[in-house]
Each structure stands twice: as C-alpha cells, then as structure tokens.
Amino acid sequence: MDFLTIIDYLGTFAFAISGIRLASAKRFDWFGAYVVGFVTAVGGGTIRDLLLDVPPFWMQQPSYLIVTAAALGFVIIFGKYVIRLNNTFFIFDAIGLGLFTVVGMEKSIAHDYPIWVGIIMGTLTGAAGGVLRDALINEVPLIFRKEIYALACVFGGLCYYLCTFWGVNDVVAQIIGAISVILMRLLAVKYHLSLPVLKGETGNT
Amino acid sequence: MDFLTIIDYLGTFAFAISGIRLASAKRFDWFGAYVVGFVTAVGGGTIRDLLLDVPPFWMQQPSYLIVTAAALGFVIIFGKYVIRLNNTFFIFDAIGLGLFTVVGMEKSIAHDYPIWVGIIMGTLTGAAGGVLRDALINEVPLIFRKEIYALACVFGGLCYYLCTFWGVNDVVAQIIGAISVILMRLLAVKYHLSLPVLKGETGNT
Amino acid sequence: MDFLTIIDYLGTFAFAISGIRLASAKRFDWFGAYVVGFVTAVGGGTIRDLLLDVPPFWMQQPSYLIVTAAALGFVIIFGKYVIRLNNTFFIFDAIGLGLFTVVGMEKSIAHDYPIWVGIIMGTLTGAAGGVLRDALINEVPLIFRKEIYALACVFGGLCYYLCTFWGVNDVVAQIIGAISVILMRLLAVKYHLSLPVLKGETGNT
C-alpha cells in the first residue's frame, strides 16, 4: 500500500464520516447511514466515470466499501467523541478534496479530454459526492452556500494546468494541484471566505 | 408470457402504485404522478444498467411504460379503494423486491462482476427506485428509516451466493434468494424489525 | 454560426437563467448559482446521453459553459431588471423546450431506437433539466404541478412522428415538432391549462 493509496483511503474515510454524521442527524438507521456515507465518498467519482464512460472505480475492488464500513463502525463506537475530532476530519476532508480533484483530472486527461473537461471532472470528483449526500438527506446543498469549497477544486485544477503548460514534471504538477486545493480550502474556512451571494428574488419565479 | 414475466409485471405494478400514491399525496398532476411511478418502478434497474454499462432494460420494450400507465389508471379509477388494498400491494411490493434483487444479481454476474458487486446491484435494483422516488417528491428517503428494506436485498443476495457456493442448482438458488428477501421483508414489517438508529448529533455538522 | 445554433444557445441561456434565478431565491453563492444554471440547461440532455450511451454533448465543446457564464453575468449585472423580462425569458424557454425536444428525438432515432424511446428522450432533453434543478434547490419539481410542460414535449414528439409517418420531409417534420411544443406551451400558460391533479391521500402511505 503506497502513500497515494493511504491518502485516498483517508479522504474516503473523511468523506464517509461527513455523510454518516449528517445521516445520523436525520435519524437514519445504520444501513441508511452507510449508504449516505458511501455515496458521499464515491458519488463524485461515480458521476465522473459515468460521464467519461469508464467502469466505476469502486466496482473494481471492495476497499471503498470496507473503508465506509470502518467509518460507520467508528461513528457507532465513538459517537460523541467524533465531534471533538472535528478539526482532524476537516483536515482529512480537505486532503481528500485535493487528492480527489487531481485524480479526477488525471483520469479525464488520460481519456484524451481537453483541460476544461478535466477541471470539471476534477471538481465533480471532489465536490459532487457532497451534493448527492445533501440530496439523499433532503437538504439544500451545503457547498453552494458555505465557505469556498468546489471553487477550490477549480482553482487547484487551474494550478495543475498551468504547471503542465509551463512544462513542470507531472508528479510535481499533481502535488501542486492538490496542495492548491487544500490551501485554498483551509484559508477559506480560517478566514470565512465566501463567494458573493446572488441577490435573492423572493417569490418571483 | 411465462411465470417470471408475470411476477416482473406485478412487481413493476406494485412499485409504480407506491410512487403514484406518494405523488398524489403531494398533489402532483397525472403526468407528474406517472413519472414518479415510472421512476419508482424502473429507477433502480436503470442505475444498475448505467453502472454496468449495458442498455437500460426498459428501453428494449415498451411494456414497463404500459404497466405504469395501467397503475396510473388504476389509482385514478379506484382512488380511495386503493387504501383498502394496502396489504395486497405490500405483498406485491415484497415479491417485486425479491424478484428485482435476484434479477439485478444475475445480470451483474452474467457480466462477470464479482459476487459483492452482484449483491450491490441486486440491492440497487430492488431499493434504489424508492430512493429516487423520495428525491422526486422531496422527502427524506423512507427506506433509510423504516422497517428493514434494503437490507433484505443484501440478505437475499447473500443467501443466493451461499447456494451457488454450495453447488445448488442455479434456478433453485434464484428462488431461494428471492424468497429470502420476501420472507425477511414480511417478518420485518410484521414484527416491526428495524435497524438501530444512529445517535443523532443535532446541529454539529 | 447557423440559425439552429443560435436557437440552441438562446434556449440554453433561458434555461440557465431559470436555474440561476431559482438558486438566487435560495441565497446560493455565485458558484452554486452557476452550477444550478448549468444543470438546468444541460441536465436533460446529459441524462439522455447517458441512457443512449453516447458522450455527453456538452463535453464536446465549451460553448454551453460559456453561455451559462453569460447567463450568470446577466443576472448579476441586471439583477432586478430580469424580472421585467419575464415574458421574454418565457418565450426563450418555450423555444428552447421545443428545440431540445426535437434534438433529443433526432439523436435517439439516429441511434436506431424506436419512436417511443425517441419521444421519451425528447421529453427528457426538454424537461429533465428542470427536475434536476428542483432537486438541487430542494424543492418539489415545479413541472409536475404547474401548467402543462413535459406533456408539451410528448405532444410535439407525437406530431413529429406523425409527420415522418405520413412521409413529410425531415426538416419540415422537425420544425412542425418544435412548433407544436412551443404552441402547446404558450397556450397552456395563456389559458392556465393544467392536467388533473391526483386526488391526494394524505398520510396513508
């Protein structure tokens, strides 16, 4: 198990935890919480794979199911203590976001799609799982209203692109891309950076 | 029209009825109710077919559209009397759940996927239509909170697997798998068997 | 840029505006509004392309992303004045609906699907983006309850089919199909034509 795989599983674990915790707030049963956790963790990558017309990544090996099961067990056993670990999970989540974005970009560029498709696929891989999660628990998607989230994926994707454009080594470009996402996300939360809200028209539509 | 086809249409009819009734409670028009009924009936199998990258089953022949139309006509004509048939529809729904689970497993195993993918695909075929239905009518998915539902699909899938593992004839294994789902579902509702609910964290996420 | 492309972009613009306006009523940020606008505009065609197993149309060229960006800029800059243009957008939306329906039908017939699949695909292309939009903003889908909308796509699809059945030239059949959708939609809104609502069972399901 190499370093990238460990990061991948940590990110999956953090994403699954976020889904399971929101499901628990809605009083879902264990199975429902598991499904929400799994969809949060693999949903973005699944949408990407369907759009790219490649076999969904989590159907190749059962490890994502197992990591989600571990996340469910963790929440069941440690219950309230999970809240104290909020900062840890936040870091994992940001790392997962960065890694998933780069993985998604890589995968679509490997299938000969142009860079702008790659950036969309990277963003979908990182952020769409959270949107599916919020659809399942019947909430307005959090990521469209809180601190910068999906835009960090777009930003990281652009950084990655600029690196390759300037001839930077591919591995270095990946690392820079992922770190850009993570940094932007950390800064966004630390300084409460949000995008402007559209002036609401109430009841006119 | 063989026995399996009749069961398939009965299950489709029961699933469509459940969608149409929930849509009617939300005051959808006939077209909306039809769409919700159709999505409830074929949604799970459609997600399965997209993930397996095979043509969606209901696009091969119009019978599922026709059965859904019959279900809509039934609810329009018999209106309130439908409620008296609750138990009948519940039995149809359980039979459909069992059959759909086995059909979904078969299909993914026929495409050389391992058994754990088969169990997921069987469960998706049986239970994901109800989740899509609840997303369309903007409700928190029922199956993640009420008596055991999707877990019955997982259980039936495991029974089917054990049968084939022990060398049981394939048709017998299918029947045992389907009956396991149906029995577990009937027992769950009769004795109000539910999975534990995750201790909710309110407002921490 | 030919006439059809201009119509296509106008329709995309109108669909994106409708998504962005509803997102702004929910106080989404710019990124969220952009995503909702984009999903409203291309969501139906994406579902169609996934079901037909062809590459999603908007991944072939960035123009749909750019039109959506223009729609977002338009709403940001002109804000409240957009409301005064309600009638203009309504016309664009109806034209887009007609065009998208015919495009969807054409595409599935070009892939050798029967006419009834074509009508479904046309209706999905025209109307499913609005359903995805309402799922994203966590509202009950509007099109299942208000004036005739998706049924206009079905009607236009049938008109198109009858034209080809009677040997009408293909381009003429397309124009008649699109105009049927547009006319039915305009008449539906002008005369408040709605489908019957299913008699609700409250709390029985």
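Reader: Before counting anything, what does contact mean here?
Author: Contact means heavy atoms within 4.5 Å. The model is a predicted one.

Reader: OK. How many residues of chain B are in contact with chain C?
Author: On the chain B side, 32 residues. They touch 31 residues of chain C.

Reader: And what area is buried between chain B and chain C?
Author: About 2,900 Å². Carbon and sulfur atoms give 69% of that.

Reader: Which three residues supply more of chain B's buried area than any other three?
Author: B:Asp29, B:Phe31 and B:Met59. Together they supply 23% of what chain B buries against chain C.

Reader: How many salt bridges across the interface of chain B and chain C?
Author: The rule finds zero. Polar contacts do turn up: four residue pairs between chain B and chain C, both residues at pLDDT 80 or more.

Reader: Which elements of chain B give two or more residues to that side?
Author: Helix H1 (3–25), helix H2 (30–52) and helix H3 (63–78) of chain B. The largest share comes from H2(B), with seven residues.

Reader: What classes of residue are on the side of chain B that touches chain C?
Author: There are 20 nonpolar, seven polar and five charged residues.

Reader: What is the helix and strand content of residues 6–78 of chain A?
Author: That span is 81% helix and 0% strand. Its end C-alpha atoms lie 22 Å apart.

Reader: And residues 91–163 of chain A?
Author: There the chain is 77% helix and 0% strand. The end C-alpha atoms are 25 Å apart.

Key
Residues are numbered from 1 along each chain as its sequence is written. Chains are lettered from A and ligands numbered from 1 in the order in which they are written. This is a predicted model: local features need pLDDT of at least 70, side-chain atom pairs count only at pLDDT 80 or more; totals for chains, interfaces and linings use all residues. Side-chain values use heavy atoms; hydrogens and water are left out. Buried area is the accessible area (1.4 Å probe) that two parts lose on being put together, summed over both. A salt bridge is a side-chain nitrogen of Lys or Arg within 4 Å of a carboxyl oxygen of Asp or Glu. A polar contact is a pair of N or O atoms within 3.5 Å; within protein, one must be able to donate a hydrogen and the other to accept it, and residues adjacent in sequence count only if both atoms are side-chain atoms. Helices (H or I, at least four residues) and strands (E, at least two) are DSSP runs, numbered from the N terminus. Ala, Val, Leu, Ile, Met, Phe, Trp, Tyr, Cys and Pro count as nonpolar, Asp, Glu, Lys and Arg as charged, and the others, Gly among them, as polar.
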